[in-house]
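Here are a few notes from my pass through this one. Have a look at the structure first, then read on.

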Amino acid sequence: MKFTGTDNYVATQDLMLAVNAAMTLQRPLLVKGEPGTGKTMLAEEVAQALGMPLLQWHIKSTTKAQQGLYEYDAVSRLRDSQMADLDGGARVKDIQNYIIKGVLWQAFTAEQPVALLIDEIDKADIEFPNDLLREIDRMEFYCYETRELIKAKNRPLVFITSNNEKELPDAFLRRCFFHYIKFPDAETMRQIVSVHFPQLKQELLSAAMKTFFDIRNLPGLKKKPSTSELLDWLKLLVAEDISAEALQTQDDKVAIPPLVGALLKNEQDVTLFEKLVFMQNRNR
């Protein structure tokens with residue numbers, strides 16, 4: 001199987017090569033890039049294109065690696081044991097009833113190969129990646145409560161995304177194939193927009209693209225607008241029936257566009273942008 005892109009996801013040649021390389025090496029694909037560049041969507045689209053079920057594990061700051069394997073619900077078992085007289089205690093005697101299977105357990109025991117997304121791994125504790133090294137490398141783990149070794153029936157296609165909030169351990173990186181999704185250039189961005197808005201007028205698209213990249217190129221921005229934010233902005237422009245002329249100025253200067261809150265997401269960046277526009281207007 002090879003990934004060649006989908007109708008809903010514009011994948012560059014190097015991204016398709018990275019996905020196929022990870023499948024050939026049977027290693028997790030570690031994907032980094034700016035937030036909003038389609039890292040999570042990549043796993044969804046690859047799974048759909050290859051006809052594989054997708055299991056998703058969205059990591060939080062409190063997530064522990066053990067949760068991806070399994071959790072033993074000792075509290076429920078204790079509670080049920082106190083009520084054992086009601087059903088003879090049959091449920092309490094079977095510890096399997098209190099094992100909560102995590103996404104890795106589900107992926108390992110699936111009857112067909114699945115895609116597994118470990119999303120935003122850098123949100124977790126610094127030891128989180130190290131705690132998964134053995135399981136991801138050997139495709140097996142031991143459940144001490146049931147005294148059984150859980151081995152992968154089929155090796156899952158693993159996607160791991162990171163926003164670079166924390167550095168990942170070298171030993172973990174060694175076990176992955178790495179790809180950085182570069183921010184799309186203007187031509188690629190047009191292709192992405194055309195997938196989501198095939199009927200968008202070219203005049204509006206050109207004006208919106210110019211405004212978008214002008215904002216991204218402003219020095220000093222705390223958070224540059226991403227692909228997803230451009231798509232949100234275009235959706236609003238279409239919904240509000242805003243014309244291309246409303247985004248343009250006669251002297252080709254940067255102006256505050258309508259609905260700028262879809263692009264700039266903090267007060268520092270809005271203030272910086274307003275100061276730039278004010279200075280340009282004053283120097284005319």
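A salt bridge here means a side-chain nitrogen of Lys or Arg within 4 Å of a carboxyl oxygen of Asp or Glu. Keep in mind that this is a predicted model.

1. By that rule the count comes to nine salt bridges. One of them joins the side chains of Lys223 and Glu229, at 2.9 Å from N to O. Lys223 is partly exposed at 29% relative accessibility, whereas Glu229 is buried at 7%. Lys265 joins these two residues in a network of salt bridges.

2. Glu229 sits among the buried residues of α12, along with Thr227, Leu230, Leu231, Trp233, Leu234 and Leu237. What covers them includes α10 (186-196) and α11 (202-216). The helix itself runs over residues 227-239 and reaches 18 Å from its first C-alpha to its last, close to the 18 Å expected. After α12 comes Asp241, with a positive phi near 55 degrees.

3. Lys153 and Glu111 also pair up, at 2.6 Å from N to O. Lys153 is in the loop between β7 and β8 and Glu111 in the loop between α6 and β5, so this bridge ties together parts 42 residues apart in sequence. Glu111 is exposed, at 65% relative accessible area.

4. Now the inside: the largest nonpolar core has 32 residues, and Trp57, Leu116, Ile118, Phe128, Ile160 and Phe172 have the most contacts within it. Its largest share, five residues, comes from α6. A second, separate core has 29 residues, among them Ala207, Met209, Leu230 and Phe273.

Note on methods: Residues numbered from 1 in each chain as written. Predicted model: local features only at pLDDT ≥ 70, side-chain atom pairs only at ≥ 80, totals over all residues. Heavy atoms only, no water. Helix = DSSP H or I, 4+ residues; strand = E, 2+ residues; numbered from the N terminus. Expected span 1.5 Å × (residues − 1). Buried < 20%, exposed > 50% of the residue type's maximum accessible area, 1.4 Å probe, protein only. Contact = heavy atoms within 4.5 Å. Core = buried A, V, L, I, M, F, W, Y, C linked by side-chain atoms within 4.5 Å.
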